[in-house]
Amino acid sequence: MSQDQGTEYKIVDSNRLNIKIDWVCRDCSQEALLLEVNRGRGFSSIMTVHEDTCDICKKKKPVAAPRCFGYLKYQVPTDWE
Ligand SMILES: [Zn+2]
């Protein structure tokens, strides 16, 4: 996700039941690991992925369940749903 000027972001917790995150890609998860809220966390590089739409960046990518990434918190645009 590019940090465009003027775009505001919010943090979503992929472990919250009221937030609809089925699949996330590795790129988003790598980026999420850099966030202060995920400090000290990490995930295994070995996991089963499949091609689907990432619920964070909305792109078609190799994705896995949020559980596979340790239920990270993700940074998304404020208008993300
Ligand atoms: Zn993504």
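Q: In which strand does H50 lie?
A: H50 is part of strand β3, residues 50-53. Keep in mind that this is a predicted model.

Q: What makes H50 count as buried or exposed?
A: The neighbour count decides. H50 has 8 C-beta neighbours inside 10 Å. A residue is exposed if the count is 12 or fewer. H50 therefore counts as exposed.

Q: Which residues is H50 in contact with, leaving aside neighbours within four places in sequence?
A: P62 and V63. Contact requires C-beta atoms within 7 Å. On another scale, H50 and A65 are 15 residues apart in sequence, and their C-alpha atoms are 9.9 Å apart in space.

Q: What makes K58 exposed, and where is its place?
A: K58 has 10 other C-beta atoms within 10 Å. The limit for exposed is 12 or fewer, so K58 is exposed. Its place is in the loop between β3 and β4. K58 also has a phi near 65°, a positive value in a residue other than glycine.

Q: Why is Y71 called partly exposed?
A: Y71 has 16 C-beta neighbours inside 10 Å. Exposed means 12 or fewer, and buried means 20 or more. The count for Y71 falls in between, so Y71 is partly exposed. Y71 sits in the loop between β4 and β5. Its phi is near 50°, a positive value in a residue other than glycine.

Q: How do you know that the buried residues of α1 line one face of the helix?
A: In α1, residues 26-33, the buried residues are C28, S29 and A32. Seen down the helix axis, they fall within an arc of 95°, so they line one face. Their cover includes β2 (24-25) and β5 (73-77).

Q: What does C28 touch, not counting residues up to four places away in sequence?
A: C28 touches C54, I56, C57 and Y74.

Q: Which residues have the most contacts inside the largest nonpolar core?
A: They are V24, C25, C28, C54, I56, V63 and Y74. This core has 14 residues. β2, α1 and β5 each supply at least two residues of this core. In soluble globular proteins, nonpolar side chains tend to be buried together.

Q: What makes β2 and β3 edge strands?
A: The open sheet has three strands in the order β2-β4-β3, with antiparallel pairing. β2 and β3 each pair on one side only.

Q: How do you know that β2 pairs with β4?
A: Two bridges join β2 to β4 (residues 60-64). C25 stands opposite V63 in β4.

Q: What pattern does the protein follow along the sequence?
A: The pattern is β-β-α-β-β-β. That is one helix and five strands.

Q: Why is the protein called as compact as a globular protein of its length?
A: Its radius of gyration is 12 Å. The globule rule gives 12 Å for 81 residues. The two values are close, so the protein is as compact as a globular protein of that length. The C-alpha trace spans about 35 × 30 × 25 Å along its principal axes.

Q: What share of the contacts with a separation of 6 or more comes from residues 24 or more positions apart?
A: They account for 74%. Buried residues make up 25% of the 81 residues.

Definitions and conventions. Residues are numbered from 1 along each chain as its sequence is written. This is a predicted model: local features need pLDDT of at least 70, side-chain atom pairs count only at pLDDT 80 or more; totals for chains, interfaces and linings use all residues. Helices (H or I, at least four residues) and strands (E, at least two) are DSSP runs, numbered from the N terminus. The arc is that of the directions from the helix axis to the C-beta atoms. Two residues are in contact if their C-beta atoms, placed from the backbone, lie within 7 Å. The radius of gyration is taken over C-alpha atoms; the globule rule is 2.2 Å times the number of residues to the power 0.38. A nonpolar core is a set of buried Ala, Val, Leu, Ile, Met, Phe, Trp, Tyr and Cys residues joined through C-beta atoms within 7 Å. Two strands pair if DSSP finds at least two bridges between them.
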